[in-house]
Amino acid sequence: MSHPATRPRRTRQSDAWRRMVRETRLSPDAFIYPLFAVPGRGVRHAVSSMPGVSQLSVDELVKDAKAVAATGVPAVLLFAAPAQKDARASAALDPKGLAAQAICAIKDACPDLVVWADVCLCGATDHGHCGHVLPGGAIDNDSSVETLAQVALNYARAGADAVAPSDMMDGRVRAMRHLLDREGYATTPIVSYAAKYASSFYGPFREAAESAPAFGDRRSYQMDPANVREALREVLLDLEEGADLVMVKPAGPYLDVIHRVREAVTVPVVAYQVSGEYSLIKAAAERGWIDERAAVLETLTGIRRAGADLIITYYAPEVARWLAGR
Ligand code: PBG
């Protein structure tokens, strides 16, 4: 009788065996949860394209930050959609602006919760682009970098535990590091959205952050989804400029990029499971077409297996509760 000499199934026979030989584990320690601040009081405005996610006024945001901290998730990523939007992104530069207020309020209420502040201009500009727009419509790199560094300083002063530039301008990390060091924030880390692709999966987020570009698209600054060598170049450049952590975004369609980056660097690698990745699962689950919990755990395990140390996900508190058996 012929039989296989090797039987990988031997160690798959029971849950106990499978647990013992499992190579990748999920823990709430690896999760970062995005929060969206809007002006007002008592505001909890559901984002229709992201079921379960809301735009929150600062008072409500503090409640959610506390709830997130209670699940064991160690960090949040803060976005702000101020009411006042102009060409210079003044609201993001204002020490009493919405983002600064939100950072301050979360740190007051939950001193141990790590607050990453997303640094970009798109939520505070009337045109919705991530940098300054020149006459004719091009995005001006160097003046944008100056503003972005000022925004980062503003958020560090408000108490952010890290600043996370998501604009994809060239040289922003160096400019930020320089300004933060000069102004007494040498210990504030920079989490660089180093390999951020011009992705169709950001659609739902733009409703939450009110940051859809009024004209054109972001392809002159965000990366072409077809490129991976260029991602390594971006990552290595940002490290040279002083980034402390590097990010690949989106996550699911870019597992090969995460893997290549993981092999190329020694700093922590962050992956962002973006709004579209979240909403796809939500929509299918709502129709009963997919087992939500299983699908979410599978995607997050895949992202970790590819090499991400940390994952930004809208599922963070929910998964933390599942993992704790609650
Ligand atoms: C802003 C920014 C975006 C996201 C994070 N920061 C949108 C964009 O670049 O258009 C996307 C996050 C998500 O889709 O969940 N620059």
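These legends describe close-up views of one predicted model. In this predicted model, local features need pLDDT of at least 70 and side-chain atom pairs count only at pLDDT 80 or more, while totals for chains, interfaces and linings use all residues. Residues are numbered from 1 along each chain as its sequence is written, and side-chain values use heavy atoms, with hydrogens and water left out.

**View 1**
Look next for polar contacts, pairs of N or O atoms within 3.5 Å. One polar side-chain atom of Y314 lies 2.5 Å from an oxygen atom of the ligand. For R218, a polar side-chain atom is 2.8 Å from a ligand oxygen atom. An N or O atom in the side chain of S166 lies 3.3 Å from a nitrogen atom of the ligand. Taken alone, the ligand exposes 400 Å², and the protein buries 100% of that. These areas come from the Shrake-Rupley method with a 1.4 Å probe. The space that the ligand takes is the largest cavity. A cavity is a set of points, on a 1 Å grid over the protein atoms alone, where a 1.4 Å probe fits but cannot get out. A molecule sits in a cavity if more than half of its atoms lie within 2 Å of its grid points.

S166 lies in the loop between β8 (162–165) and α6 (172–182). Helices (H or I, at least four residues) and strands (E, at least two) are DSSP runs, numbered from the N terminus. S166 counts as buried because its relative accessibility is 3%. Buried means under 20% relative accessible area, exposed over 50%, and partly exposed in between (1.4 Å probe, protein chains only). Leaving out residues up to four places away in sequence, S166 touches D118, V119, C120, R172, Y193 and K196. Contact means heavy atoms within 4.5 Å. M168 lies in the loop between β8 and α6. M168 is not a glycine, yet its phi is positive, about 70 degrees. With 4% relative accessibility, M168 counts as buried.

Most residues other than glycine have a negative phi, and most peptide bonds are trans. E210 has a positive phi, near 50 degrees. E210 is found in the loop between α7 (203–208) and α8 (229–241). At 35% relative accessibility, E210 is partly exposed. The peptide bond from K249 to P250 is cis, with omega near -10 degrees. P250 is in the loop between β10 (245–249) and α9 (255–264).

**View 1. Helix α12 and its cover.**
Which residues of helix α12 (316–323) are buried? They are A316, P317, V319, A320 and W322. Their cover includes β1 (31–37), α2 (58–70), α11 (292–306) and β12 (310–313). After α12 comes G325, with a positive phi near 75 degrees.

**View 2. L297 in helix α11.**
L297 lies in helix α11. Is L297 buried or partly exposed? L297 counts as partly exposed, because its relative accessibility is 23%. Beyond its neighbours within four places in sequence, L297 is in contact with L26, V319, W322 and L323. L297 and Y315 are 18 residues apart in sequence, and their C-alpha atoms are 9.6 Å apart in space.

Technical notes: A polar contact is a pair of N or O atoms within 3.5 Å; within protein, one must be able to donate a hydrogen and the other to accept it, and residues adjacent in sequence count only if both atoms are side-chain atoms. On a 1 Å grid over the protein atoms alone, a cavity is a set of points where a 1.4 Å probe fits but cannot get out, and a pocket is an open set with protein on both sides within 12 Å along at least five of seven lines; lining residues have an atom within 4 Å of a point.
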